[in-house]
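Subject: Structure handover and notes

Hello,

Here is the structure I promised to pass on. My notes follow below it.

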Amino acid sequence: MTLRLSTVILPVHRWHEGGRERWQRAEELGFHTAYTYDHLSWRSFRDRTWFGALPTLTAAATATSRLRLGTLVTSPNFRHPVTLAKELISLDDISGGRITLGIGAGGSGFDATALGQEAWTPRERADRFGEFVPLLDRLLTEDAVTQQGTHYSAVEARNIPGCVQRPRLPFAVAATGPRGLKLAARYGQAWVTTGDPKLYETGTPEQSVEALREQGEKLAAACEEVGRDASELDRILLTGFTPDRNAPMRSVDAFVDFAGRHAELGFTEIAVHAPIPDSDFAVDPAVYERIATEAPAQLA
């Protein structure tokens, strides 16, 4: 299978001051999918411009025609399955069936307490995620849903006419733990990882590759446990969070070497961040565009 190359466009630009053009340029460059983060704010951008993911993707859907669009990733931190399902069905319709929902359990960052709640423990996040994904799956595939859960419920929630993509838009489930991987195996059309966060500061690229190999093996085991062929799931690596950091984006050759090593692990898609000056993603725009246009042929 040819390795697909995708990009992540953070929602940090006013739409009429370069925002629209960035999504259109991603389509022109031939990226498979352009994703954005679904956060209320994020790390070093907490006191900088940051717009909402779903309105941004809606605008991007009207500004493009071929490019797939999605979140990396949406989480339960400030979302509810009932309202999220309605927005996703609308977005899938507006885009003509070009939406992928990246979805994860969420973390302990700014989103976790913005609504006034205490940050959930890892166990609580896993519990909520374990309810969130199955309910969202039902909401996106059934006309009317009633379900009573510990954390999330729906009462005669209507979602007519459903998604353009059938039976629903694809889920790309971000997970590394056993419960999350089982959700990916059961409900995902793709699996997403950023690598092992414990290796980011002091690990080596070689250690990261081995950690990713082990994650892939655990995913395969989770698939076997639920009776699913692991080859049915795409495997997406979101770059920038392994010990390599931005080194693969320094040149086309560096990226091709990086991507090739990870394709050997079974990854079918690699997502790179669009350049943002004065940030962790401050790569050379010219090199970024050369990677987009030249690397795929070398990775075929």
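In which strand does T100 lie? T100 belongs to strand β4, which runs over residues 99-103. Please keep in mind throughout that this is a predicted model.

**T100 and its surroundings**

T100 is buried, because its relative accessible area of 9% falls under the 20% cut-off. Its side chain makes a polar contact with the side chain of R68, at 3.0 Å. Neighbours within four places in sequence aside, T100 touches R68, L69, G70, T71, P170 and A172.

**Helix α1**

Helix α1 covers residues 15-29, 15 residues in total. From first C-alpha to last it reaches 19 Å. That is close to the 21 Å expected at 1.5 Å a residue. Which residues of α1 are buried? They are W15, G18, G19, W23, A26, E27 and L29. An α-helix has 3.6 residues a turn, so residues three or four places apart point the same way. Just after α1, G30 has a positive phi of about 90°.

**Aromatic rings**

How many aromatic pairs does the structure hold? The count is 10. One of them joins Y37 and W42. Their ring centres are 5.1 Å apart, with 70° between the planes, and the pair is edge-to-face. Y37 and W42 are both buried.

F241 and F281 also pair. Their planes meet at 75°, so this pair too is edge-to-face; the centres are 6.5 Å apart. The pair links distant parts of the chain, 40 residues apart. F241 sits in the loop between β9 (234-238) and α7 (252-263). F281 sits in the loop between β10 (269-273) and α8. F241 counts as buried at 14% relative accessibility, and F281 counts as buried at 3%.

Y37, W42, F45, W50, F241 and F281 form one aromatic cluster.

Two rings carry a charge over the face. The charged end of R168 sits over the ring of F171, 3.6 Å from the ring centre. R245 lies over the face of Y200, at 4.1 Å from the centre of that ring.

R158 is found in strand β6, residues 154-158. Is R158 buried, exposed or partly exposed? It is partly exposed, because its relative accessible area of 46% lies between the 20% and 50% cut-offs. The side chain of R158 reaches the backbone oxygen of E156 at 3.1 Å. Beyond its neighbours within four places in sequence, R158 is in contact with K86, D143 and A144. R158 and L212 are 54 residues apart in sequence. In space, their C-alpha atoms are 40 Å apart.

E156 is exposed, with a relative accessible area of 54%.

**Backbone points to check by eye**

Most residues other than glycine have a negative phi, and most peptide bonds are trans. A few places here depart from that.

- R43 has a positive phi of about 40°, though it is not a glycine. R43 lies in the loop between β2 and α2. R43 is exposed, at 54% relative accessible area.
- The peptide bond from L72 to V73 is cis, with omega near -5°. V73 lies in strand β3.
- R166 and P167 are joined by a cis peptide bond, with omega about 0°. P167 is placed in the loop between β6 and β7 (171-174).

**Cysteines**

How many disulfides are there? The count comes to 0. C163 is buried, with a relative accessible area of 3%. C223 is buried too, at 0%.

Best wishes

Key
Residues numbered from 1 in each chain as written. Predicted model: local features only at pLDDT ≥ 70, side-chain atom pairs only at ≥ 80, totals over all residues. Heavy atoms only, no water. Helix = DSSP H or I, 4+ residues; strand = E, 2+ residues; numbered from the N terminus. Buried < 20%, exposed > 50% of the residue type's maximum accessible area, 1.4 Å probe, protein only. Contact = heavy atoms within 4.5 Å. Polar contact = N/O pair within 3.5 Å; in protein donor to acceptor, adjacent residues only side chain to side chain. Expected span 1.5 Å × (residues − 1). Disulfide = S-S within 2.5 Å. Phe/Tyr/Trp six-rings, centres within 6.5 Å; stacked < 30°, edge-to-face > 60°. Lys NZ or Arg CZ within 6 Å of the ring centre and 35° of its normal.
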